[in-house]
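Colleague: Please take me through the structure shown below, one question at a time.

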Amino acid sequence: MSEEKSVSAAEKMLGDFAPRLLGYTDNVLFGDVWEGKELSRRERSLITVAALVAGEHSNQLKFHLNYAKEHGLTEAELVEVITHLAFYVGWPKAMTAIMIAKEAFGQEKLT
């Protein structure tokens with residue numbers, strides 16, 4: 001019986017295309033960095049979401065909003081983070097982020 005290796009999201013996206021970047025993503029970023037004891041995963045998720053909103057990194061935001069929920073942040077808290085950031089990083093960035101959050105949280109159509 002063979003033991004199956006867990007396949008990361010990055011590995012699914014990149015496969016063998018960029019093996020070094022994949023290794024850094026899986027082993028350093030989501031390994032060493034995310035496993036550091038000085039901050040909780042919840043705190044790391046909050047920081048990551050804020051950084052992605054501030055930097056307008058929309059492609060990564062949906063994943064990290066859901067990852068933040070896995071680490072204990074509520075949808076209401078994440079919406080509040082984005083609202084708060086509007087005053088520090090800019091209204092257009094916050095509006096883009098809130099639309100991504102709405103989609104990520106399954107709120108595409110409220111009417």
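Colleague: What is the volume of the largest pocket?

Modeller: The model is predicted, so local features need pLDDT of at least 70 and side-chain atom pairs count only at pLDDT 80 or more, while totals for chains, interfaces and linings use all residues. Residues are numbered from 1 along each chain as its sequence is written, and side-chain values use heavy atoms, leaving out hydrogens and water. A pocket is an open set of points on a 1 Å grid over the protein atoms alone, with protein on both sides within 12 Å along at least five of seven lines; a cavity is a set where a 1.4 Å probe fits but cannot get out, and lining residues have an atom within 4 Å of a point. With grid points joined across faces, edges and corners, and volume taken as the space filled by probe spheres set on the points, the largest pocket comes to about 500 Å³.

Colleague: Which residues lie closest to the centre of the largest pocket?

Modeller: The lining of this pocket holds 19 residues. By class they divide into eleven nonpolar, six polar and two charged, where Ala, Val, Leu, Ile, Met, Phe, Trp, Tyr, Cys and Pro count as nonpolar, Asp, Glu, Lys and Arg as charged, and the others, Gly among them, as polar. Closest to the centre are Ala-10, Thr-25, Phe-30, Gln-60 and Phe-63.

Colleague: Which helix gives the most to the lining of the largest pocket?

Modeller: Helices here are DSSP runs (H or I, at least four residues), as strands are runs of E of at least two, and both are numbered from the N terminus. Helix 1, helix 2, helix 3 and helix 4 each give two or more residues to the lining. The greatest contribution, six residues, comes from helix 2.

Colleague: Where does helix 2 bend?

Modeller: Helix 2 covers residues 19–33. The bend at a residue is the angle between axes fitted to the seven residues ending there and the seven starting there. In helix 2 an angle of about 30 degrees is found at Thr-25.

Colleague: Against which helix do the buried residues of helix 2 pack?

Modeller: Buried means under 20% relative accessible area, exposed over 50%, and partly exposed in between (1.4 Å probe, protein chains only). In helix 2, Leu-22, Thr-25 and Gly-31 are buried. With contact taken as heavy atoms within 4.5 Å, the partner of the buried residues of helix 2 is helix 1 (9–14).

Colleague: Which helix gives the most to the lining of the largest cavity?

Modeller: A search of the whole structure finds one cavity of 30 Å³ or more, and the volume of the largest is about 30 Å³. Among its lining residues are Leu-52, His-57, Lys-93 and Thr-96. Helix 3, helix 4 and helix 6 each supply at least two residues. The most, three residues, come from helix 6.

Colleague: What percentage of the residues of the protein chain count as buried?

Modeller: The protein chain has six helices and zero strands, and its C-alpha atoms fill a box of roughly 50 × 35 × 25 Å along the principal axes. Among contacts between residues at least 6 apart in sequence, 49% join residues at least 24 apart. Of the 111 residues, the share that counts as buried is 29%.
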